[in-house]
Amino acid sequence: MRNLRPECAPFLMLTLLAAQAHAAGLVATVRDGSGPVPNAVVLAAPEDASVPLAKQTVETIDQIDKEFVPYVKAVRAGSMVQFPNKDNIRHHVYSFSPPKRFELPLYAGNPARPVLFDKPGVVKLGCNIHDWMLAYVYVAETPYFAKTDASGRAELKDMPAGHYRLRVWHPGMTISEDATARRVELGEGAATIEWKLELKRELRPRRATAPGEPGYR
């Protein structure tokens, strides 16, 4: 390995400091009328810089106790997602959503290969055996995104300073994703922003919790 000459060290240090000084970030909070909103996806699309090429990653959505975990998964377009079945029964995972139509017929354990999500958009997942099993994959066209936690907070890091178009998505929103758009200029450090959404009542098939109850499987 070639050693760095001493006279190069100040230049390297200045370069690193300049890069750090231009790093931006965003702390977003999403709420509705009753409090924090978890499982919302916050996105920032740069308007005056090119978007870095996507590196293919393999993400995971588990099937545990007859539920998809997590309920909402945000991935970059071009990502692969694996669907391990950790239950002692078989599941049949599918989606009819236009960005990704696919089917994993009845299986236990791990499917033969992960599924490629290469088109941006929302993909709704279901199980052909258990009607209450629902989940969503949000496929983002930008590398700058995050999902809100239980406190309704999401943090986007390591963003170049510049102008961004921000959006938020949640499966229960009563307005379109584009209607949430805001344009901001991000500089050094972390900016803060808040959305207040109106969410529709979630209409998911009820899962019975004990043997003997209607719908228990």
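Predicted model: local features only at pLDDT ≥ 70, side-chain atom pairs only at ≥ 80, totals over all residues.
Q: What percentage of the residues in the protein chain is buried?
A: A residue is called buried under 20% relative accessible area, exposed over 50%, and partly exposed in between (1.4 Å probe, protein chains only). Of the 217 residues in the protein chain, 41% are buried.

Q: How many helices and strands does the protein chain have?
A: Helices (H or I, at least four residues) and strands (E, at least two) are DSSP runs, numbered from the N terminus. By this assignment the protein chain has one helix and 18 strands.

Q: In what order do the five strands of the open sheet lie?
A: Two strands pair if DSSP finds at least two bridges between them. The order is β7-β13-β12-β9-β10, with mixed pairing; the edge strands, each pairing on one side only, are β7 (72–76) and β10 (102–107). Neighbouring strands of this sheet are turned by 20° against each other on average, direction ignored, where the axes are lines fitted to C-alpha atoms (for helices, over the stretch in contact) and angles run from 0 to 180 degrees between N-to-C directions.

Q: Which residue in β13 is the bridge partner of Lys-124?
A: Strand β12 (residues 121–127) and strand β13 (residues 134–140) run antiparallel and are joined by six bridges, and within β13 the partner of Lys-124 is Tyr-136. Strand β9 (residues 91–95) and β10 also run antiparallel, with four bridges, and a hairpin of six residues joins β9 to β10; here Ser-95 has Phe-102 in β10 as its bridge partner.

Q: Why does Asp-62 count as buried?
A: Asp-62, which lies in strand β5 (residues 62–64), counts as buried because its relative accessibility is 14%. A polar contact is a pair of N or O atoms within 3.5 Å; within protein, one must be able to donate a hydrogen and the other to accept it, and residues adjacent in sequence count only if both atoms are side-chain atoms. The side chain of Asp-62 makes such a contact with the side chain of Lys-86 (3.3 Å).

Definitions and conventions
Residues numbered from 1 in each chain as written. Heavy atoms only, no water.
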